[in-house]
Amino acid sequence: MYRNKYFIVAFPLLMIFAQLPSIGSEYLPRIDQRAEQTRTNQDFYTFTEFKSKYEWLQHKLDLKDNLRVSLGCFPWPEKTPLNVKIFDRIEGDGYSVEKAYFESLPGVYVTGNLYRPIGKPAPYPGIICPHGHAQEGRLTNSGEFSIPGRSINLARMGCVVFAYDMIGYVDSKQISHTFSGPSEWLWGLSLHGLQFWNSVRAVDFLQSLDGVDPDRIGCTGASGGGTQTYGLTALDERIKVSVPVNMISSHFQGGCLCENGPSLRLHSFNVEYGAMAAPRPLLMVSATGDWTDETLRVEYPAVKSIYSLYEAEDKVKTVQIDAPHNYNQQSREHVYAWFDRWFFDGDSDRLDETPFEVDTEALKIFPNGLADYPDNAIDENGLREYWIQESKSQLQQAYPNSELQLRTLKRRGATILTHAMGAQTPPANEIVVERIEREKTDTRMIERIAIGRRGVGERIDAWFAWPQDGKHLKDAVLILSDLPFESFNSDSDPLLKGLLDSGRAVMIANVYKPNALKPTRSPEEVSHFYTYNPSDTALRVQDSLTCLSYLESRADIDKISLVGIGNAGLWSLLAGVLHDGVDAIIANVSQFDLDSDEAYLQRLFVPHIQRAGGLQMAQAVIAPRPLFIHNTGEAFQTKWAKDAYNTLGKTDALKTQTQLAGNEEMLNWLLQN
């Protein structure tokens, strides 16, 4: 038997289980396992079986939002003028090649070579060719990889081809290939996202050219270029034929920053993104000597199962080359045939490559590097400044001056936060509840419980109390705190005592906190940690949502209020964005500095949170629900909230104050709301 001033075990086991939700034979771990669980880019992932096209389409919509959020493209960046320049034409046997560059963002240049057919009738299909991590980039011309060879042969077939640089390679010298980190991720800016945007603008570039058929656009690349290929195909429906080479794998997701944007794979992996090409033609080229060695047995059947939902099995195909990691001649000849089939009605499985010669020096655009760049070219600091200002400008367009703008702001904020944190309110049947101890006093019932989502390995310890005469129970208050619930005393704490005496139930939850006795998640030691794992803040918000779902599942509770004490006040605002079932919120914002990225990095780190609108957005979209924000100091401005509540005609539902609210003050506000 366990005894202290809070709990006395006094009831038989039968009574304890009588009120529990159905939990089968499952039990929660004795210690929260999440501090020990770390997903990585080399884990083995299993593809979900989708039983209907509708089920897949629903999942695909979620994947699209997740991919857009990770890439910093929710909302889409503005498409500014390309300002194209094409020059120095060289003619070869059946093709021409030119130097080309354009601006994907103002002052950010995409550089590459434009290959066109000679002697073939227009209109021509257009194909973009991103490259992988070979040292010579788009100029690589070896036995294993030849981007010029691929481009020349596709041009000879009758295609217009744009082979362009990854960031930091060959002529792309403004931004390094190691660009971006946590401070940029706050705003949704990453190397992965910037390369994706360059690819989107490369499609714009091809479609702008005379003679190119805008309805016949393809994409192919190997390795890191394969990542760009399947990612672009997943989001850009203009890609009609796709050939990612040696990349779509269940046990390796890519090893570079350009392939691992923050939050990209919290709940998904490459095979799902690859399957998003369906029902458009997709050729999966793999090799026996790299991480695509299991494609015939694992990845291809998974992707084909999605094509079967569309009755389009003829539009997906795989070939495996007995070779190391490559885009060699044998691979390329299968690729030529695939494009020939869908762009020119060909019927061959393989087309022979014609011999070619390449003078790679003649293909360089800026021989003197940055000295040859246009005058308006910007560096990494300039890019960061532009991106942040553009994000703020887009956010301002959704400022809550009307109900429509407020709805737009909420969709933006909730969508980004959901995917950036990997957090959502679980259904009641996914929650496991463990009742540990119970005390019955003259006036109330007190329990110690633990809850968690089924199969996740989490354990949220909580204190739960309600008036002994529970038949009239309707209201509950969830208290989040960065202090353990043992710090609270229901007999002496005015807030707890007052709530219980008023007939309300109270739950105090110990949300996620790494256990000092167990190995902890280490962003510094795990490559691309935030691509695969939520931040600590995200886990705390998830725990808040899990607790709220538990309270909602109880038939004796109709109304739920949320109180965030200490740093938990910030978590409660984020939870309020994602859970409309919270009826009223009190948040101690602890004088958080809304204008400081450093404050977000140190106290509330979530990738993309600033692009979502940060706490300015959060305080606004909780409207029209009653909201009490206190301890703002001078740093936490509440104008967004005030204007949102004014827009909805609910100014009386908002209370703000610069100083810290006392327990009596919070109690009185809750009793009135």
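Residues are numbered from 1 along each chain as its sequence is written, and side-chain values use heavy atoms, with hydrogens and water left out. Since the model is predicted, local features need pLDDT of at least 70 and side-chain atom pairs count only at pLDDT 80 or more, whereas totals for chains, interfaces and linings use all residues.

**Pockets and cavities**

On a 1 Å grid over the protein atoms alone, a pocket is an open set of points with protein on both sides within 12 Å along at least five of seven lines, a cavity is a set where a 1.4 Å probe fits but cannot get out, and lining residues have an atom within 4 Å of a point. Grid points are joined across faces, edges and corners, and a volume is the space filled by probe spheres set on the points.

| Space | Volume | Lining | Nearest the centre |
|---|---|---|---|
| Largest pocket | about 1,000 Å³ | 35 residues | L266, H267, G422, Q424, R453 |
| Second largest pocket | about 570 Å³ | 23 residues | N510, V511, Y512, K513, P514 |
| Largest cavity | about 100 Å³ | 13 residues | H192, F196, T227, Q228, G231 |

In the largest pocket, the elements that give two or more residues to the lining are α2 (53-70), α11 (403-421) and α14 (536-553); helices (H or I, at least four residues) and strands (E, at least two) are DSSP runs, numbered from the N terminus. For the class counts, Ala, Val, Leu, Ile, Met, Phe, Trp, Tyr, Cys and Pro are nonpolar, Asp, Glu, Lys and Arg are charged, and the others, Gly among them, are polar. The lining of the largest pocket then divides into 12 nonpolar, 15 polar and 8 charged residues, and that of the second largest pocket into 9 nonpolar, 4 polar and 10 charged.

The structure holds 4 cavities of 30 Å³ or more. In the lining of the largest cavity there are 7 nonpolar, 6 polar and no charged residues, and the largest share, 5 residues, comes from α6.

**T229 in helix α6**

T229 belongs to helix α6, which covers residues 224-235. T229 is buried, with a relative accessible area of 0%, where buried means under 20%, exposed over 50% and partly exposed in between (1.4 Å probe, protein chains only). The side chain of T229 reaches the backbone nitrogen of G221 at 3.1 Å. Neighbours within four places in sequence aside, T229 is in contact (heavy atoms within 4.5 Å) with P130, C219, T220, G221, S242, V243 and P244.

**Salt bridges**

A salt bridge is a side-chain nitrogen of Lys or Arg within 4 Å of a carboxyl oxygen of Asp or Glu, and by this rule the count comes to 34. D543 forms one with R34, with the closest N and O atoms 2.9 Å apart. This pair links distant parts of the chain, 509 residues apart, with D543 in helix α14 and R34 in the loop between α1 (13-18) and α2. D543 is buried at 0% relative accessibility, and R34 is buried at 5%. A network of salt bridges links D32, R34, R453, E458 and D543.

R435 forms a salt bridge with E447, the closest N and O atoms being 2.0 Å apart. R435 lies in strand β10 (residues 431-440) and E447 in strand β11 (residues 444-453), so the pair ties together parts that are 12 residues apart in sequence.

Technical notes. Polar contact = N/O pair within 3.5 Å; in protein donor to acceptor, adjacent residues only side chain to side chain.
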